[in-house]
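Colleague: I'm new to this one, so please walk me through it slowly.

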Amino acid sequence: MEAAGCRARALLLPLWCCLLAAAPRRCAGQTDLKSPQDIQVYVVNTNFTLRWNYTGNDTNVTFSAEYQWLDPKTSETEWKELPGCQNVTDTECDFSSAITEYNDEHLVRVRAERKEDKSPWSSVYEMIPFLIAQIGPPEIHLQSINGVIKIQVSPLESNQDRKMWNLSSFKYNLVIWENSSDAEVRSQNIFPVDTISGLAPETTYCLKVQAILYYQEGLFSPIHCVKTTRKVNYLFCPANLKVSALNMQFHLHWNNPYKQHVNYTVQYLLGFAKQLHDDHSGKWLSVPRCENVTNTKCNFTSIITIISAFYYLRVQAMSEYNKSCLSKEVKIDPLSTNEIGPPSIRVDISDVLLHVQISPPGGDENKVMRERYYLSYQIVYWKNSSDNEEEIKVKEIKQTIATISDLTPSTQYCVKVKAFSEAYNKSSPFSNEECIKTPGDKMLPLIILATFVTALISVLVVAVLIIFFLYQAYNKIKYVFFPSCTPPLNIEGFGGQLFGSPYLPTAEEPIESCYVIESIIEEVNQNDFKDYKHSKQSSRDSGNYSNDDDTSGSKGSEGMLEKEII
Amino acid sequence: MNTFGLVQIGLILLCTTTMSSLNCNHLPLQQRKAIENSLQLLDKMGKKFPHRCLREKMSFRFPEQVLKPKQKETVKMAIEEIFQHIFYIFSKNLTLAAWDGAALEQFQNGLYHQIEQLEACVTKKQTQYFWIKEINRLKLKKYFQKIDCFLKDKKHNLCSWEISRAEIRRCLQLIDKAVRKLYN
């Protein structure tokens, strides 16, 4: 009937015909089976559940699903029947057995069926199981002992061949509360094998645990309730465990308030053991030289073989009645627990440079501190002067040698250094103070000396010049006012007075010494000419000593002077 | 009594959290040192690779693109996940490998410490949230699952362990290279 109808319509609308032929056969106008909606896949560990909604008439309707596994190696695109989801009456089904490759993409679709009627396929649901999987609830075992609860979380999927999860990634969150009204709920992180302490004795507590992977929280386990026992507190139990570490030397101290004869053994556990699901109670080892000791301290440096690792320590006490008691555990992260000791310094001075040589804490041989802490040093220096206003200067360096240059001479400076680690936010105490005095200015004495010498020389030079000039002046004065020459013999009678002051005019000329020579000339002939000359000369020589004939005159005067002096 | 217990628990938690006080800015330096240590211990664990195991050698094809830095935070998460996978592999039945137990334990201990530090230094919760859906996470899982299946098929015999050890060694070296590139 439909076919006839189809053929009839074929002449008019070929496309429609093809579509109708492909579509599930139904009468036009009849209520069709609706396809399922809101198809969802829920995955918990390796359990796969397909869920959908069906809004149509669901009497005698069954559902069937198909899936595709997109194998990255092949390019198959075949739809296969989904086992566990064939002819189901519910709107959900379990198809865990079908999926084996949890890291590959899968496609799922479902349709409704009623006898021969089949609805269209629902929209396809794409999924990669690993990315949509939820973490299932863990299985837990509890043991109530001595006032505490020992808890053991079984690994997820422990009995399965195919696993969704990688176990070591999980952390466990415990939620615990007292089984009474208005009880406070507290949550804490626990290891797979752990002890819950801090509980009231003989009280019922209820708890549940979930596994957490990064930010993803898994489903909670069912709630377990357990009653704590009475707490038997041995008085000789070691308490107040304290770790002190300096320069990578580790010590544990504890005390025993009950001064009985007790033997102690310090035990340690490597940190990673707690992350495993096995019971690590048998993995505790004794610290060498801290077995069966009676003192309450232990040097456990020898067990720290790797610096970047966690360690746990506890003390076991054994009383003389063969009763033992375990202390609480202490967790150690060597680089964080250790304290850096002060460095030691040596200062040296040369000119106006202060050299500081730093020995790292722990000594020069101890490379561990330097290498793991990436130590830097802070140098603090100041002028050690009498006034209170000392300007403290700070210098930070990464090397072990520093030079300080901005110093004033002839001053005492004090230096102290501390080491610090930016990586671990730790700093050491300051080293001892070392004080040293800067030498005086060498230039100053030289300058003084130079100045003195220059002054001396200049004074000497000036003195010599002055003396020279004085001498010259003296000579001149002496020459002018106190001449040493005698006038010539023919100018006798001038008197000693004349020699004393040659330039001073005399009051009178002793005219009586002059002769009138003209009378002699009249009587004389040629010979008289000579005489005339001579007389002329001598007449001219009358009076003042003349300078006309300097050389002869002066010679003559000198000769006369000599005569006179004699 | 309840409040006292709470205070005690709180103090214990406080102590454990302040224990790893590494400044995360210095994590890469610390990481390189830790990986160097891990490689030394890996070598120390056993002897030289036995020649007779060469014919059983398999190519696992480590997904190197996982360590290509798109975002620093994603690569940090990838490194943490790789360490966790390695930690998981080495916590299996190792009796047939006949390796140095002390070196193996130290190796595990060092690895665990690195995982904890990386976890403490992942600053954004968002990074973790997105990492859960990250496709690279799948690639890593496939790679390590291959090694796991290989060990199971060979029933954890000596050669399978030696081949796995060589593969892990290569893994750590790739991480070291990535850390160097990431922070330079």
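**A first look**

Colleague: Where is the place of Met248(A) in chain A?

Modeller: Met248(A) sits in the loop between E18 and E19 of chain A, where strands (E, at least two residues) and helices (H or I, at least four) are DSSP runs numbered from the N terminus. This is a predicted model, in which local features need pLDDT of at least 70 and side-chain atom pairs count only at pLDDT 80 or more, while totals for chains, interfaces and linings use all residues; side-chain values use heavy atoms, leaving out hydrogens and water. Residues are numbered from 1 along each chain as its sequence is written, and chains are lettered from A and ligands numbered from 1 in the order in which they are written.

Colleague: And what phi does Met248(A) have?

Modeller: Although Met248(A) is not a glycine, its phi is positive, at about 65 degrees. Most residues other than glycine have a negative phi. Asn247(A), which is found in the loop between strand E18 (239–246) and strand E19 (249–255), has a positive phi too, of about 50 degrees.

Colleague: Are those two buried or exposed?

Modeller: Met248(A) is buried, with a relative accessible area of 9%, and Asn247(A) is buried at 17%; buried means under 20% relative accessible area, exposed over 50% and partly exposed in between, with a 1.4 Å probe and protein chains only.

Colleague: Stepping back, how many helices and strands does chain A have?

Modeller: Chain A comes to 10 helices and 33 strands, and buried residues make up 39% of its 566 residues.

Colleague: Next topic: which side chain of opposite charge is nearest to Arg314(A)?

Modeller: That is Glu329(A), 4.5 Å away, and Arg314(A) is buried yet has no salt bridge; Lys and Arg count as positive and Asp and Glu as negative, with His and the chain ends not counted. A salt bridge needs a side-chain nitrogen of Lys or Arg within 4 Å of a carboxyl oxygen of Asp or Glu. Arg314(A) is found in strand E23 (residues 311–319), and not counting residues up to four places away in sequence, it touches several residues (heavy atoms within 4.5 Å), among them Leu241(A), Trp284(A) and Glu329(A).

Colleague: How many salt bridges are there over all chains?

Modeller: The structure holds 21, including one between Arg51(A) and Glu92(A), whose closest N and O atoms are 3.0 Å apart. Arg51(A) lies in strand E2 (residues 47–53) and Glu92(A) in strand E5 (residues 92–94), so the pair ties together parts that are 41 residues apart in sequence. Arg51(A) is partly exposed at 33%, and Glu92(A) is partly exposed at 36%.

Colleague: What count of salt bridges do you get between chain A and chain B?

Modeller: Three. Lys142(B) forms one with Asp104(A), at 2.7 Å between the closest N and O atoms, while the side chains of Lys33(B) and Glu371(A) meet in a salt bridge at 3.8 Å, N to O. This last pair crosses from helix H2 (residues 27–45) of chain B to helix H5 of chain A.

Colleague: How many residues does each chain bring to the contact?

Modeller: The contact takes 49 residues from chain A and 47 from chain B. The two chains bury about 5,000 Å² between them, 58% of it on carbon and sulfur atoms, where buried area is the accessible area (1.4 Å probe) that two parts lose on being put together, summed over both. In chain A, Tyr214(A), Tyr215(A) and Phe272(A) lose the most area to chain B, together 16% of what that side buries.
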